[in-house]
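Here's a walk through the model, from one chain's overall build to the contact between chains and then a few individual residues. Have the sequence and the 3D view open as you read.

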Amino acid sequence: MNYFADLALRLALLLNLALALNIPFRWGGRLILSQGIFVAMGAYVVAISIVRWDLHPALAVLLAGLIAVPSGWLLARIAAPLSAATFALLTFLLALAGMEILENWDSLTGGRSGIGGLHNLFLPGLNASPKMSVALVLLLLGLLFFLLARFLFQTQFGRAVRASRDDATGAELDGISVIRVERDVFILFAVHSALAGALWAFALPRVIPEYFDFAVLSLPIVLACILGGGEQPRHALLGALLVLALDEGAQRLPTTPEVRADVPLLVVGIAYVVVTLINGDSGVLSTANRFKARLRRYM
Amino acid sequence: MIKTLLESTPDAAIFLLAAISFGMVWASRREGLFHLALGGLMICSVGLFNHAVNAGLGIPFSIGVAVITGAMLGLAVELGLYRVFRRRNVSGESFLLASFGLLIVFERVTSMSLGTMPLSLEIHRGIVERINFMGSELTAIQWKTVSVALVVFIVIAFMYIGEWGQKLNAVRQSGFLYDWRVGRSSVLLAGVSLISGAIAALGGVLYHLQHRIVIERAAMAYIVPAFVVVLSAESVGGLVASLVPPHRHSAKIDRGLRVGLYLLMAFLLAILTQVVTRVLEPEWKNVILLGVTLLVLRFGTVGRRERLPAGVTP
C-alpha cells in the first residue's frame, strides 16, 4: 500500500510539474532548468509559515502561490533580452545557485537539515494515508491546471504565446506584446510549480534541499516535456507517464547495491541523448506518427 | 593583497584551462555551442587517471592516459552527436539538452566505476608540500598547475591569432561558405573537439591533484566557471571592440583580445570567489557566478535575441 501511495505521489507531482513547464517550454520556446527552485520556494514557504509562524495550512499554500508571482515576473524580466539557449543555461546556473542558498542560509532554510514538523494532511471523509491524501490533492491541482491549459491553448493568449515563439517580430507587428505574453507565461509557470511544491511539502518527512536538486527534480521534468513532444497539455501528461515508467524500469534493473543510486539518473541521461539524437525535440508522439506514416506507405 | 592575488592563481589557472576548452567549441557555432558534456568527459578522464595511478603507472604517464582519453571522448562527442546536429541544423537548445544528457551519462558512469563519492585520490604527499613565496603558501602541484595553464594559454593564444583562429572564425560565421571556399569544416571541428577534450582533461586532472578528492558533482563544478568566463570575456571583448574606430579594426586583434580576456576574466573570477569565500564562511561560489553572469548578460551583447522585443532596453 505504501508503494502505491509513493507511486501516486510521484505521478501527481510529475504531472503537475510537466504541465507547468509545458507552457513556457513547448508553447513559448523557453526552456527552464530551474523548476526545482520554484518547487522549493513553495515547499519552504509552507514549512516556514506553518512551523515558525503557526499559519493555517490553507493560508500557507496560498502564500506560497502569491510569493511565486514576483519571482515569475523577475524571471520574465531576466529572460526578455536573452536568446533561448542562453536563457536555458542561465536557469541552470540559477538552479545551482538556488541549491547553494537552500543549503547555506541556515537561519532561513535550516541548512542541510531543513525544516521538519509539518502536520500530516488528511482529507475529510476519505480513509486515505497522508501521502495518498497529498497525491489526491496534487492530482486535483493538476486537473485544474490541465483544464486551464486546454482552455488557454485555444484562446487568443495561447495563440499569442505560440506566435511569440515562432516569430517574435511578426507577432509584435501583429500587435502582440511579446514581453507581456512572456511575463504572464512565467508567472503562470512559477505559481503552478510553487503550489505543487507547497502541497508536496506535506508529504515530506522534512523539507530539505536534497529533494529539490536539479538532477533529481528538474531534469526528469524537462525530459517529460521532450518525450511528450507536442504543445498540447496531453503531451505533457504522456511525457510524465513515460518518465515515471522509465524511472520505475531503471529501479528494477538488476544491479549491485553500490551502483543502484546511479542507475535512474544514468537512464535519464541516456534518454536525453537518444531522444534528441533521434528526433531533435519533437517527442515520442511525433516519432510514432512518422513511423505510422511510413508503415502506411509500405502497406 | 599580494597574498590573495597569489593564492587565487591556482583557481584562476583551472578556470582558464576550463574556459579555453569550453570557449573553443563555443566559438564553433554562430549562436554559441554550450558544450556542457566537456565537464563529463573531464570527470571520465579523471576516473581513468585514478585507475591508472592505482595500477602503478606513475603520475606523468597517468596524466597522459587522461589527456588522451579526454581528446578521444571529445572527438567521439563531435562525430557521434554534434556533427549529426549540425547536419540537421537543430536549435541551440537541442545541442544544450543532448550535451546535458552526455554530462550526466559520463558523470554517472565515472561514479559507478570509482565507487562511493567523495573519493580521496591516493597520491603521494610530495606534491602537496607547501612552498612559501611572498607570504603565500602554495603547494608544488599548484605552481605546476599555474605554469601548465600559462603554457597552454600562450600556445592557444597564438593559434587563435594565427590561421587556425581565422579558420575557426570563418566556420563560426558560415560552415557552408567555409566548405565551399576553404576546405572541410568537419575536419577543423573534429580537431577543435580533440584539442578541447585534451585541455579539459588536463585541467580536470590538475584540479583533482590539487584537491586530492573527487566530489559527487565535480563535472558541473568544473564546467560552470568555464562558461561564465567565456560569456564575460566575449561580452567585454565585444564592448572593447566596439570602442575601436572602424579604420583601426582588425580581426586578428579582435581574436587576440578575446582570448586575452579569458585570462583576465579567469583571474578576476578566481579573486572574487577567493575573497567572498574568506568573508562569508560557507561556499557561495555558484551564487557569485550567477551574479557575474547576470551582470555580464545585462550589459554585454552576448547571448541576446536576434531582435529585441519592444519594451526591452538594448
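## Chain A at a glance

Chain A has 13 helices and two strands, where helices (H or I, at least four residues) and strands (E, at least two) are DSSP runs numbered from the N terminus. Before going further, a word on ground rules: this is a predicted model, where local features need pLDDT of at least 70 and side-chain atom pairs count only at pLDDT 80 or more, while totals for chains, interfaces and linings use all residues. Residues are numbered from 1 along each chain as its sequence is written, chains are lettered from A and ligands numbered from 1 in the order in which they are written, and side-chain values use heavy atoms, with hydrogens and water left out.

How does the size of chain A fit its length? A compact globule of 299 residues would have a radius of gyration near 19 Å, and chain A agrees, at 19 Å. That radius is taken over C-alpha atoms, and the globule rule is 2.2 Å times the number of residues to the power 0.38. Along the principal axes, the C-alpha atoms of chain A fill a box of roughly 60 × 50 × 40 Å.

On the inside, 58% of the 299 residues of chain A count as buried. Buried here means under 20% relative accessible area, exposed means over 50%, and partly exposed is in between (1.4 Å probe, protein chains only). Take the chain A contacts (heavy atoms within 4.5 Å) between residues at least 6 apart in sequence: 76% of them join residues at least 24 apart.

## Where chain A meets chain B

Chain A puts 51 residues into the contact and chain B puts in 47. Interface size is often given as the accessible area lost when the parts come together. For chain A and chain B the buried area is about 4300 Å², with carbon and sulfur atoms giving 73% of it; buried area is the accessible area (1.4 Å probe) that two parts lose on being put together, summed over both.

What about charged and polar pairs? The rule finds one salt bridge across the interface of chain A and chain B, a salt bridge being a side-chain nitrogen of Lys or Arg within 4 Å of a carboxyl oxygen of Asp or Glu. The partners are B:Arg108 and A:Asp262, at 2.7 Å from N to O.

On the chain A side, the elements giving two or more residues are helices H4 (84-104), H8 (168-173), H9 (178-200), H10 (214-228) and H12 (263-279). H4(A) gives the most, with 14 residues. By class, this side has 35 nonpolar, nine polar and seven charged residues. Ala, Val, Leu, Ile, Met, Phe, Trp, Tyr, Cys and Pro count as nonpolar, Asp, Glu, Lys and Arg as charged, and the others, Gly among them, as polar.

## Salt bridges within the chains

Over all chains, the count comes to 16 salt bridges. One of them pairs A:Arg112 with A:Glu103, the closest N and O atoms being 3.6 Å apart. A:Arg112 is exposed at 60% relative accessible area, while A:Glu103 is partly exposed at 23%. There's also a network of salt bridges linking A:Arg10, A:Asp247, A:Glu248 and A:Arg252.

In chain B, B:Glu234 and B:Arg258 form a salt bridge with the closest N and O atoms 3.0 Å apart. B:Glu234 lies in helix H9 (residues 218-243) of chain B and B:Arg258 in helix H10 (residues 251-279) of chain B, so the pair ties together parts 24 residues apart in sequence. B:Glu234 is buried, at 5% relative accessible area, and B:Arg258 is partly exposed, at 21%.

## Two buried residues to look up

A:Cys225 sits in helix H10 of chain A and is buried, with a relative accessible area of 2%. Leaving out residues up to four places away in sequence, A:Cys225 touches A:Ala18, A:Leu21, A:Asn22, A:Phe25 and A:Arg26.

Over in chain B, B:Asn50 belongs to helix H2 (residues 37-54) and counts as buried at 8% relative accessibility. With the sequence neighbours up to four places away left out, B:Asn50 touches B:Leu114, B:Leu119 and B:Leu121.
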